[in-house]
Each structure stands twice: as structure tokens, then as C-alpha cells.
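The structure is shown first.

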Amino acid sequence: MTNTKTKKKASSKKENMEFQTEVNQLLQLMIHSLYSNKEIFVRELISNASDACDKLRFEAISNDALYEGDPELRIEVEFDEEAGTVTFRDNGIGMNRSEVVENIGTIAKSGTKEFLSKMTGDAAKDSNLIGQFGVGFYSSFIVADKVTLTTRRAGDKEDQGVTWESDGQSGFTLEDTKKKTHGTEIVLHLKEEEKEFANSWRLRSVISTYSDHIPLPVKMLKLDEEGKPTDEWEVVNKANALWTEPKSDLKDEDYQEFYKTTFHDYENPLAWSHNHVEGKLEYKSLLYIPAKAPFDLWEPEQKNGIKLYVQRVFIMDDTKNLMPHYLRFVRGIIDSNDLPLNVSREILQSNKVVDSMRKASVKKVLGQLEKMAKNDKEKYQKFWNEFGKVLKEGPAEDFSNKEQIAKLLRFSSTETDSEEQTVTLEDYVSRMKEGQEEIYYITADSFTSAKNSPHLEVFRKKGIEVLLLSDRVDEWLTNGLQEFDGKKLQSVAKGELDLSKFDSDEDKKEQEQAEEKASSVIKHLKEVLGDKVEDVRVSHRLTSSPSCIVLNEQDMALYMQNLMKQAGHEMPESKPVLEVNPTHPLIERMEAETDDDQFSDWADILFDQALLAEGAQLEDPAGFVSKLNKLMLKMS
């Protein structure tokens with residue numbers, strides 16, 4: 001455990017150490033807040049033991065001697081009613097002294113404060129966060145007033161064992177010890193009021209609930225006719241790898257419990273796909289779509305992903321090679337018969353078998369989402385609200401599945417003017433006006449900014465629907481998805497706008513007259529604004545606003561340019577176009593202005609207002625305020 005400090009040394013082999021402040025906080029929460037769901041300590045300790053056995057099996061692929069003549073990996077649970085103890089024992093990889101300090105409760109490293117901040121006060125939810133943050137060992141203190149852990153790493157000598165002991169209050173002790181067998185043994189000294197767990201029926205019931213599908217045998221001693229433990233061990237869980245079983249033999253509850261136990265989630269998954277593939281490749285997959293986003297969804301390095309097995313031997317948790325980044329929320333298991341047992345992450349990156357399994361798995365997930373979207377719109381909307389921003393990364397990342405992903409996307413639009421993203425691209429195309437060839441959209445840094453953008457004025461007037469994009473990923477999305485169903489995606493805030501096909505002859509005549517009338521003020525604005533703009537022109541987008549900024553087709557939205565600059569990225573220099581509405585009273589006021597200095601102030605304010613409406617930052621906000629105040633005083 002990091003950042004602990006030595007209080008005293010009894011010898012070179014035993015030391016007393018204090019917990020971190022955060023660990024003390026954690027223990028108090030464990031003991032008091034999770035009391036109503038206290039049996040979860042069984043799940044956590046068995047899950048940790050299973051992980052330790054998986055690690056040994058993996059390391060033993062290249063070093064069979066690590067088994068030390070005991071290759072039958074197992075977990076044993078024992079109790080002593082008189083002594084009030086419960087013991088969990090495994091013959092997995094074990095730990096040496098430094099690993100005990102480092103690994104017992106990884107929360108002690110960096111996750112402590114984050115874990116504590118996630119605690120909600122809901123015992124059922126909080127108890128499952130324990131598994132997500134790797135702090136399952138500490139759940140022992142919900143029912144125990146003392147915990148003794150004895151362990152030895154596989155391959156170390158018998159006298160290199162170590163004992164860790166704590167009452168959960170005054171720190172812990174570390175002591176070197178002898179241990180004949182490799183692996184870990186944890187003895188819980190139960191609190192007086194928790195002696196119910198020193199009972200065969202109680203333990204078997206909890207194991208059946210939480211650990212039935214752990215793909216390792218969990219054993220307990222058989223009971224005699226008087227209910228006393230004998231010397232004979234029996235397996236008390238199914239101990240089958242659920243993904244290897246026929247789908248016809250499994251119920252929804254089996255899939256759900258396996259998911260919650262394996263992936264430390266407190267909610268049932270929204271959907272799952274169980275597949276047995278035979279032919280050129282032979283593998284089994286069980287892929288889940290969660291109901292809630294995992295805590296590390298936006299972290300650069302995720303802890304969870306797809307668990308890779310080779311012939312039922314756990315190899316690794318893979319977050320990059322078996323599922324694309326835009327599907328990083330998917331949890332599941334892939335068990336291959338065609339990969340070597342000593343496969344490494346490096347081999348995974350260029351392996352044709354892995355590529356084939358990945359492609360097929362992506363198709364299965366996208367197919368599952370299509371099915372959900374078609375048959376249960378409410379469930380799909382729940383999925384979208386959790387993972388929509390992630391799925392939007394898909395078209396730019398996965399060209400081969402772009403069209404399929406596009407059909408799964410959901411947006412806000414001027415059709416509903418609702419912030420909830422429910423509109424599909426197919427919905428939009430079905431409502432397009434006769435002669436309309438483009439799917440129009442606008443991007444902004446918030447839904448309100450998008451909804452109220454001056455660029456939408458003419459579209460609202462003509463009844464042309466516009467998609468309102470306000471997620472940061474949307475700029476990336478529109479770069480990757482440039483068309484749908486043969487219709488080009490067109491930003492209403494970039495490039496020249498041509499809606500002449502929707503104009504009447506009278507509309508066109510009015511526009512020509514307005515352009516002719518505004519020619520002098522346009523010329524004057526160009527002279528005053530100079531290098532600030534690429535051009536100044538009469539707008540066909542505006543009906544009620546005086547001006548707007550228009551970017552080039554290839555330019556990134558101004559609010560995104562600001563974000564990139566703040567992140568330290570160099571942005572290419574580009575000048576916007578200023579479009580003005582010649583019928584607006586402010587432009588008419590400027591046309592009549594004879595004072596060149598005052599016209600210059602009006603021009604700067606007009607330009608800065610348009611920048612602000614686009615989410616840009618002004619280079620001289622104080623100057624903008626000063627000019628605005630000066631003009632307001634003159635008009636009062």
C-alpha cells in the first residue's frame with residue numbers, strides 16, 4: 001500500500017504500518033454504508049481468487065514449474081462456527097511482500113478519492129463500485145473485526161511467505177512467514193453480530209447467487225448427517241464457463257448474473273449476443289451492451305474491455321485490439337481455439353485471426369443495436385443517452401461500417417426543437433423538401449446556441465429542417481460522415497448558401513434590390529474591417545439578425561478552434577466572411593452614418609457580435625464594451 005508510514009519496527013521481518021487517511025474513510029464507508037448489502041464480501045473475495053488463478057495459468061504457459069506440482073486450480077471456502085471465522089483459499093499466483101504492499105486494495109494508489117466521490121449512499125449501487133475500482137478486498141471489514149491474509153508467490157521459496165493482518169482501525173502488520181503452498185489464504189474473524197456467515201447454508205446460498213458461473217471450482221467441505229463438516233471437498237458452484245454452454249440451456253437470468261458478477265455492474269445489461277462460430281475459425285463470444293456508462297469511459301487508458309480466453313484459459317483484458325474505440329463500452333468474452341496460448345498484446349495487433357474475430361464481433365454488436373433500435377425504441381433511447389457521444393466517433397473511425405453506424409445515430413433538430421436526441425437521418429431524409437439535395441446541420445458549443453443561431457433564420461422561414469449538433473464530437477462526426485443515402489451533409493454556417501430553388505420570383509427580385517441598395521455599405525465595411533475578414537457580402541440566411549459569420553467549407557467551427565487553442569494546438573490562420581442583412585434597422589442606420597469614426601465603431605461591433613454568436617472569443621473584449629457603451633450614450 002503506497003504512502004503508508006512505518007510506526008515502529010519489531011524486527012527486520014515484521015513491521016506495523018498505518019493506513020492512508022483515505023483508506024480509513026473507505027473502511028468507515030464499507031462498514032457503515034454498505035451494511036445492508038454485506039454479503040458482497042463473498043463475491044469480491046472469490047472474484048479476486050479467480051483472478052489470481054487466471055494469472056497463474058497465464059504465467060505457467062511459459063513456466064510450468066510455477067504450478068509446483070499442483071495444476072488443479074481451485075478456490076476453497078471454509079468456516080469454523082465455534083471460532084467464528086470464514087476462510088477463503090486459492091492456489092493461484094500469490095504475492096510476495098512488495099506485491100502485498102502494492103496490491104491489497106489498489107484504491108490506495110490513486111483511485112481512493114475518485115471512488116469516494118462516486119459513492120451515492122445507495123448500498124446496492126455502492127457495493128458494485130467496489131469491484132469496478134478494485135477495492136474488493138476491503139469489503140471483508142463489513143463483517144470482520146480482524147482479517148488475516150497469508151500468501152506466497154508461485155515460484156518463491158516456502159520461507160518467503162508473508163502475513164498481512166489488520167483490524168481495520170489501527171493500521172496493519174506485515175510479517176514474513178513460512179507457507180508450504182503457493183497462493184493466498186484469507187481468514188475473516190467475524191464480528192459477533194455477523195456469525196451467521198460461519199454457516200454452510202448461508203455461504204453456499206451467497207456463492208450460488210454471486211459466483212455460480214466463475215469458471216473455476218469453488219469448493220466447500222461436505223456436511224455429515226448432523227450438519228458438521230467432513231474431510232471431503234465438493235464443488236458448490238456450476239464452475240462452467242457460461243459462454244461455452246449451449247444457448248438453449250441458458251436463461252436470461254444466467255446471462256444477467258454472469259454479466260453482473262464478471263463485469264462488476266449493478267444493473268442488468270441492455271442486451272447481449274452469444275455466438276458459437278465454427279468453420280475456418282473456431283471461437284465463442286459473449287458480448288454485452290451495458291445499461292450504464294462505466295466510470296472510465298472517457299479515460300485515455302481503460303481498465304476493462306473484452307476478456308480474451310484461449311481454449312478457456314484466460315489470457316488478458318484487451319481494450320484496443322478486439323473491439324474498436326467507438327465501441328469501448330462493450331463488455332464481453334471471446335474464447336478462441338485458433339490463437340496460441342502464449343499470445344501477447346504485440347501479436348494481437350497484427351494477427352489475422354484477431355482481425356476476423358474483431359470484424360465479426362463488431363457486426364454482432366451493431367446488429368444487436370439495430371435490433372434494439374427497431375424493436376424497443378425506449379430501450380435504445382436509454383442506450384443512446386448513455387453512449388451516443390461514443391458511437392458518434394464511429395463513422396470517422398470505421399469506414400467499412402459507416403452506413404450501418406449512420407442509421408444508429410440520433411440528433412436534435414429544428415423539427416422538434418428538443419434537446420433530446422431522437423431524430424434519425426432516415427427521419428430527416430423522409431421529411432426533405434422537394435428538390436432538396438442536402439442534409440443541413442449546424443454545430444455549436446451548446447444546444448441553446450445551436451437552436452438560436454442566426455444561421456437558422458431563413459431555414460425556419462422556409463420550413464427546411466436543420467440538425468442541431470452540440471456535442472464536441474460532432475465536428476469529428478461530420479468530417480467522417482459527409483453524406484447519407486446519397487445526400488451530402490451541409491453546414492448552414494459554412495460556405496456560400498444557395499436556397500434559390502426554394503425562392504419565388506418575388507423573393508429573388510427583393511434580394512436583388514436589397515443587394516443593389518446595400519452595395520455602398522458593403523464596400524465601406526470591407527474597407528473598415530480590412531484584414532479581419534476574407535469578404536463582406538449580403539446574406540441570404542438572415543431574416544431578423546443584422547449579421548453573421550460564415551466560415552469556409554473546410555474550417556473548424558470557431559468554438560472548436562478556441563478549444564483546440566486552449567489545449568495547446570496550433571490552428572491554421574483563416575479569415576471568416578461577414579454576411580449582413582441589408583433590411584435590418586442597424587444596417588440601415590449604418591448606411592446613413594456620415595461620421596467615419598462612428599461608422600468604424602459600428603463595423604467593429606457588428607463584426608464582434610457575429611463572432612460572439614458563433615461561440616468565438618474576442619481578441620479585445622474590453623474594446624468591444626467600450627465602443628458599445630460609447631455608441632449607446634450617443635444614442636440616448
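## Helix 18 against helix 21

Helix 18 and helix 21 are roughly perpendicular to each other, because their axes cross at roughly 85° and angles of 65 to 115 degrees fall in that class. The axes come within 10 Å, and helix 18 spans residues 519-529. On the helix 18 side the contact is formed by V521, H524, L525, V528 and L529. Helix 21 contributes D596, F599, S600, A603, D604, L606 and F607. Sorted by class, this contact contains eight nonpolar, two polar and two charged residues.

The model is a predicted one, and the values below should be read with that in mind.

## Second largest pocket

Helix 21 (596-613) also takes part in lining the second largest pocket, as do helix 19 (558-566) and helix 22 (621-635); each of the three supplies at least two lining residues. The volume of this pocket is about 730 Å³.

## Cavities

How many cavities of 30 Å³ or more are there? The count is three. The largest cavity has a volume of about 50 Å³.

Residues lining the largest cavity are Q302, N304, G305, I306, D318, T319, K320, M323, L327, R328 and V330. By class, four of them are nonpolar, four polar and three charged.

Helix 9 packs against helix 10 (residues 377-391) at an angle of about 130°, and the two axes are 6 Å apart. Helix 9 and helix 10 are therefore oblique to each other. The residues in contact are L369, M372, A373, K374 and N375 of helix 9, together with K377, K379, Y380 and F383 of helix 10. This contact comprises five nonpolar residues, one polar residue and three charged residues.

Q368 is located in helix 9, which covers residues 352-375. Is Q368 buried or exposed? Q368 counts as buried because its relative accessibility is 17%, and the cut-off for buried is under 20%. Leaving aside residues up to four places away in sequence, Q368 touches A271, W272, S273 and I289. The C-alpha atom of Q368 is separated by 15 Å from that of G388, and the two residues are 20 places apart along the chain.

Which loop holds E68? E68 sits in the loop that runs between helix 2 (40-59) and strand 3 (75-80). Its phi is near 55°, a positive value in a residue that is not glycine. E68 counts as partly exposed, because its relative accessibility is 33% and that class lies between the 20% and 50% limits.

D485 is likewise not a glycine, and its phi is positive at about 55°. D485 is placed in the loop between strand 19 (483-484) and strand 20 (487-491).

Note on methods: Residues are numbered from 1 along each chain as its sequence is written. This is a predicted model: local features need pLDDT of at least 70, side-chain atom pairs count only at pLDDT 80 or more; totals for chains, interfaces and linings use all residues. Side-chain values use heavy atoms; hydrogens and water are left out. On a 1 Å grid over the protein atoms alone, a cavity is a set of points where a 1.4 Å probe fits but cannot get out, and a pocket is an open set with protein on both sides within 12 Å along at least five of seven lines; lining residues have an atom within 4 Å of a point. Grid points are joined across faces, edges and corners, and a volume is the space filled by probe spheres set on the points. Helices (H or I, at least four residues) and strands (E, at least two) are DSSP runs, numbered from the N terminus. Axes are lines fitted to C-alpha atoms, for helices over the stretch in contact, and angles run from 0 to 180 degrees between N-to-C directions. Angles under 35 degrees count as roughly parallel, over 145 as roughly antiparallel, 65 to 115 as roughly perpendicular and the rest as oblique. Contact means heavy atoms within 4.5 Å. Ala, Val, Leu, Ile, Met, Phe, Trp, Tyr, Cys and Pro count as nonpolar, Asp, Glu, Lys and Arg as charged, and the others, Gly among them, as polar. Buried means under 20% relative accessible area, exposed over 50%, partly exposed in between (1.4 Å probe, protein chains only).
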